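Subject: Structure for your review

Dear colleague,

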Amino acid sequence: RMATLHSLKNAQYATDRDPLGNFHRCGFMTSKLLKPSNKALAICLAYMSKQVDAVIEMVGEDKKDTVEEIKDKLMDICVYSAIAQILEEEYKELK
């Protein structure tokens, strides 16, 4: 079951040139988050970057019949954005 799920999800994120492309792209996007003072916010943004990358791939490659639809990914981005705002406010209050 794990291999089947991996194949289905990987088709959403991978390209023929780079089967682990989502990790490479997200690593590049989040490289500035390696030494943040607000680590919880950095993790949240890293998770959000994965969703942004997925949407870009789905739109850019015109991928259909994916495990999750674009609207699901966009909703995830909204949720991570709200969480990021909360984490930033909490961090400011602690300083």
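A salt bridge is taken here as a side-chain nitrogen of Lys or Arg within 4 Å of a carboxyl oxygen of Asp or Glu. This is a predicted model, in which local features need pLDDT of at least 70 and side-chain atom pairs count only at pLDDT 80 or more, while totals for chains, interfaces and linings use all residues. Residues are numbered from 1 along each chain as its sequence is written, and side-chain values use heavy atoms, with hydrogens and water left out.

The structure holds five salt bridges. One of them joins R25 to E57, with the closest N and O atoms 3.8 Å apart. Because R25 lies in helix α2 (residues 21–29) and E57 in helix α3 (residues 39–60), this pair ties together parts that are 32 residues apart in sequence; helices are DSSP runs of H or I, at least four residues, numbered from the N terminus. R25, D53 and E57 are linked in a network of salt bridges. E57 is buried, at 9% relative accessible area, and R25 is partly exposed, at 23% (buried means under 20%, exposed over 50%, partly exposed in between; 1.4 Å probe, protein chains only).

E68 also forms a salt bridge with K73, the closest N and O atoms being 2.7 Å apart. K73 is buried, with a relative accessible area of 1%, whereas E68 is partly exposed at 22%.

As for disulfides (pairs of cysteine sulfur atoms within 2.5 Å), a search of the whole structure finds zero. The cysteine sulfur nearest to C26 is that of C44, 14 Å away.

Yours sincerely

Note on methods: Helix = DSSP H or I, 4+ residues; strand = E, 2+ residues; numbered from the N terminus.
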